[in-house]
Amino acid sequence: MNCVHTKDEAPPPHTTPSPVSPTPYTTHLLTDADAFAALAPDWRRLYGNCAAATPFQSHPWLHSWWLSYGGSARLRVVLVRDNSGRLVAAAPLMRVRRPLPALVPLGGAISDYTDVLLDDEHGPAAADALTTALAATARTALLDFHEVRPGAAVEQVYDRWRGPRRRVDDSVCLELPALPLEELITRLPSAKAQQRVRAKLRKLEALGVHRRIAGPDEVDGALRRLIELHRLQWQGRKVTTEHLQTRFGDHLVRSVGPMVRSGTAVVTEFRLDGEVVAVDLTLMSPRLAGGYLYGAHPRLRERKADVAVMLLDACTAHTRVADGGPDTLSLLRGNEPYKHHWRPEPVVNRRLLLARRHTAPLLAAALADATARARGKELLLRWKERDGGGGS
């Protein structure tokens, strides 16, 4: 059932404030795209000091996204620095007017998680300073954080917020522990299911499918092959149309090269008979890895190769906890039935809505819209179930 769960949460009136840090902070509001581009070294250091960060908060991803998707929105990046000038907190936002005046995170619909960055070494003091700066920036707009993963840094801002605030359920992500594939196979519900997966691995080996990781200088070409193979595999079938747009391809090629060089992305090519027949893009962060997008030639399925098993086998090679890798393998957004074969844990992202006292009507309007949309999805699902999955 799709429904909106909210909690009527006024800030606790007697909350004890965090201890005042002896380090003073200064805040800045960055509105220029060139200045945002120049921020890359500072952003990279802050990203590395924020354990909650996902790859969608990396500077190459966000800056490239802005170049492809910023459009008519206005850039609003809130920065907090300590007295040495070191960047200790950042909120990558933009100001939009529709459907409501709001400050929303960069990254948009093609990003599975949104968040702010907080330097873990500065603890609550950095969160206090960022919360104050966000409240000052959101004078006439709603703060609307979509797709917030549980444990995200922005939850610290939410906990400190002094105005009206609400939590709303957002997308479901399915997550697995970061284990070798052989250990994931043992999670399957029956010995027969385990045998089937092992047989599929033997089939891939018998076919002669080989994989190799693309080097930094090879990434651009590999990504262009990924996009073309993705288009080919979905030809004549329902597909996420944005993945076929030029702006999306430009964003991937522009962002992933720097991410590969910094260790926040891995591009893997799969070859059969000397030809690249599949390409996978896996995004990486200290705690989480996720297969973001792939393209596979229909010839693989024609030769009875199980592409899902092939990709999962490759992805688990990047998540060796014993070697300091992430502890979570995310299947990212989507509750598709095939993902449940591996018995993943469903993790619900949240949408965090924060307002000032005088902008509370904006929050109420956003909440009403979210409730109406969720109710519409629920009714559509019921109609499809009653219709037996048919209908036009």
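Biologist: Where is the place of proline 99?

Modeller: Proline 99 sits in the loop between strand 3 (87–96) and strand 4 (102–105). Strands (E, at least two residues) and helices (H or I, at least four) are DSSP runs, numbered from the N terminus. This is a predicted model, where local features need pLDDT of at least 70, side-chain atom pairs count only at pLDDT 80 or more, and totals for chains, interfaces and linings use all residues. Residues are numbered from 1 along each chain as its sequence is written, and side-chain values use heavy atoms, with hydrogens and water left out.

Biologist: Which peptide bond is cis?

Modeller: The one from arginine 98 to proline 99, with omega near 0 degrees.

Biologist: Is aspartate 273 buried or exposed?

Modeller: Exposed, at a relative accessible area of 60%. The cut-offs are under 20% for buried, over 50% for exposed and partly exposed in between, with a 1.4 Å probe and protein chains only.

Biologist: Switching to helices, at what angle do helix 7 and helix 11 pack?

Modeller: Helix 7 (residues 191–207) and helix 11 (residues 307–316) pack at about 85 degrees, axes 10 Å apart. Axes are lines fitted to C-alpha atoms, for helices over the stretch in contact, and angles run from 0 to 180 degrees between N-to-C directions.

Biologist: Which residues make the contact?

Modeller: Val197, Lys200, Leu201 and Leu204 of helix 7, with Val309, Met310 and Asp313 of helix 11; contact means heavy atoms within 4.5 Å.
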